[in-house]
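Hi,

Here is the structure I promised to pass on. Have a look at it first, and then read on for what turned up when I went through it.

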Amino acid sequence: MNPGLREDPSPLIYLNNAATTWPKPLEVLEEVARCLQLPLYEPGRTTGTGSVDYPSAAREALAAFFHAGPPGHFIFTQNATDSLNLLVHGFAKKASAPFHVITTELEHNSVLRPLHALEQEGAIRLSVVPFRDNAVSLAEIKRAICPETRLVVMTHGSNVLGSVQDIRPIAEYLRANDIFFIVDGAQTAGHIPVDLSDIPAVAFVFTGHKGLFGIPGTGGFFIPDPDAIAITRQGGTGTDSRTLTHPCGMPERFETGTQNYPGIAALSAGIGFIVSTGLDEIGKKNRDLTRFFIRELKNVPGLTIYNKNPDLPVVSFNIAGIDNQDAGFILARAYNVITRTGLHCAPLVHERIDGGEGCIRASFSYFNTRDECRAAADAIREVARSADSQVRPD
């Protein structure tokens with residue numbers, strides 16, 4: 001059988017939630033529609049009344065959800081990548097003199113590429129610490145610190161291995177040594193409890209379209225010490241408009257122009273869905289689906305799973321005898337199972353786990369089911385058996 005020619009495809013099984021969650025909660029879709037039906041309300045810029053101040057409402061929701069404040073210290077951007085660029089380049093501009101930065105092998109290119117660009121410019125010296133047992137330890141961070149270390153940037157949760165890093169002791173140590181700490185929470189926000197009141201002096205980055213159930217085009221960060229980051233963008237804010245100098249107050253210090261109101265409305269509604277459903281309930285179901293899927297893959301010929309005990313609903317694997325991108329293509333075309341293949345924008349992880357070839361990643365959300373996981377595992381089993389028969393023909 002040629003799997004690419006199957007005439008009656010199965011229902012869509014979407015297992016690419018670590019990239020973008022789908023489907024979205026009904027509450028999110030309804031709030032986006034409501035936002036687009038209302039006239040735009042921008043405090044300080046419009047005389048209209050009766051509409052919703054979505055940015056303020058979303059900041060309040062974020063402050064409550066992450067146990068941090070004041071709400072004005074939650075900044076909206078396009079996504080986590082945009083946030084990380086703003087923070088990394090803003091910190092470098094403020095520091096002015098060359099300095100030392102530490103990051104890790106677990107990072108996404110949204111961290112690695114801005115740091116690499118600064119290194120190429122001679123603005124920083126960069127150290128990349130290794131991970132062991134899917135995690136980066138405080139001991140590894142300490143070993144890399146030198147007198148010139150001013151900044152540490154690291155992920156909270158790996159988008160490849162699904163491992164969560166214990167950032168609290170790292171944050172405490174860095175604060176005690178006057179080293180600024182940026183945490184990429186793109187994979188953890190909405191999946192696990194994040195209490196920023198218990199994590200000292202950390203700039204925490206989030207995105208709207210993953211675990212927070214928002215739509216693409218919205219993300220942001222929380223920053224307790226905005227003075228550590230230089231203003232790198234200037235423009236209209238609706239405040240202090242007589243001066244040509246960009247305002248230093250929060251949040252307009254880092255926000256310019258018209259906001260993505262539908263995206264911010266979706267983010268606020270996504271957080272509302274998580275709160276009403278219960279973060280514990282969402283986490284419990286995601287863990288159940290992940291463990292069930294891994295059990296279903298047991299004894300699949302030639303299958304390698306790179307972390308069999310992930311903290312997040314992420315399972316990365318390869319099938320012997322078939323390229324990961326070819327396998328992903330077959331799963332999508334023949335079985336209607338949507339995964340993600342390749343390097344997942346995290347090249348240093350793959351250099352360690354699969355020689356830089358990349359892998360297949362299945363990632364789950366609250367809206368997936370056990371039946372979908374079972375069907376996806378059956379499809380993977382068929383692909384693996386076919387690949388095995390090609391490697392070892394009768």
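I'll begin with the fold as a whole: contacts between residues 24 or more positions apart make up 72% of those in the protein with a separation of 6 or more. Please keep in mind that this is a predicted model. Its secondary structure consists of eleven helices and 13 strands.

On overall dimensions, the C-alpha trace spans about 80 × 55 × 35 Å along the principal axes. The radius of gyration is 22 Å, which agrees with the value near 21 Å that a compact globule of 394 residues would have. Of those 394 residues, 53% are buried. The protein exposes about 17,400 Å², and carbon and sulfur atoms supply 49% of that area. As for charge, there are 35 positive and 43 negative ones, and their mean positions lie 2 Å apart.

How far can you trust it? The average pLDDT of the protein is 93, with 94% of the residues scoring at least 70. The stretch to be careful with is residues 1-7, where pLDDT is below 50. In the model that stretch has nine contacts beyond near neighbours in sequence. Where pLDDT is low, predicted coordinates should not be read in detail.

- Trp-22 to Pro-23 is cis, with omega near 0°. Pro-23 sits in the loop between strand S1 (13-14) and helix H1 (26-37).
- Gly-69 and Pro-70 are also joined by a cis peptide bond, here with omega of about 5°. Pro-70 belongs to the loop between helix H2 (54-66) and strand S2 (74-77).

The loop between H2 and S2 also holds His-67. His-67 is not a glycine, yet its phi is positive, at about 55°. Its relative accessibility is 45%, so His-67 counts as partly exposed. Ala-201 is another residue other than glycine with a positive phi, near 50°. You will find Ala-201 in the loop between strand S6 (180-184) and strand S7 (202-207). With a relative accessibility of 43%, Ala-201 counts as partly exposed.

Is Glu-107 buried or exposed? Glu-107 lies in the loop between strand S3 (99-104) and helix H4 (109-120), and its relative accessibility is 0%, so it counts as buried. Setting aside neighbours within four places in sequence, Glu-107 contacts Leu-112, Val-153, Met-154, Thr-155, Cys-345 and Ala-346. Met-154 is 47 residues away from Glu-107 along the chain, but their C-alpha atoms are separated by 6.5 Å.

Gly-356 is in the loop between helix H10 (347-353) and strand S13 (359-363). Its relative accessible area is 29%, so Gly-356 is partly exposed. Which residues does Gly-356 contact, leaving aside its neighbours within four places in sequence? They are Leu-343, His-350 and Glu-351.

Best wishes

Conventions:
Residues are numbered from 1 along each chain as its sequence is written. This is a predicted model: local features need pLDDT of at least 70, side-chain atom pairs count only at pLDDT 80 or more; totals for chains, interfaces and linings use all residues. Side-chain values use heavy atoms; hydrogens and water are left out. Helices (H or I, at least four residues) and strands (E, at least two) are DSSP runs, numbered from the N terminus. The radius of gyration is taken over C-alpha atoms; the globule rule is 2.2 Å times the number of residues to the power 0.38. Buried means under 20% relative accessible area, exposed over 50%, partly exposed in between (1.4 Å probe, protein chains only). Contact means heavy atoms within 4.5 Å. Accessible areas come from the Shrake-Rupley method with a 1.4 Å probe; for residues, only the protein chains shown count as cover. Lys and Arg count as positive and Asp and Glu as negative; His and the chain ends are not counted. The place of a charge is taken as NZ of Lys, CZ of Arg, CG of Asp or CD of Glu. pLDDT is the predictor's confidence in each residue, from 0 to 100.
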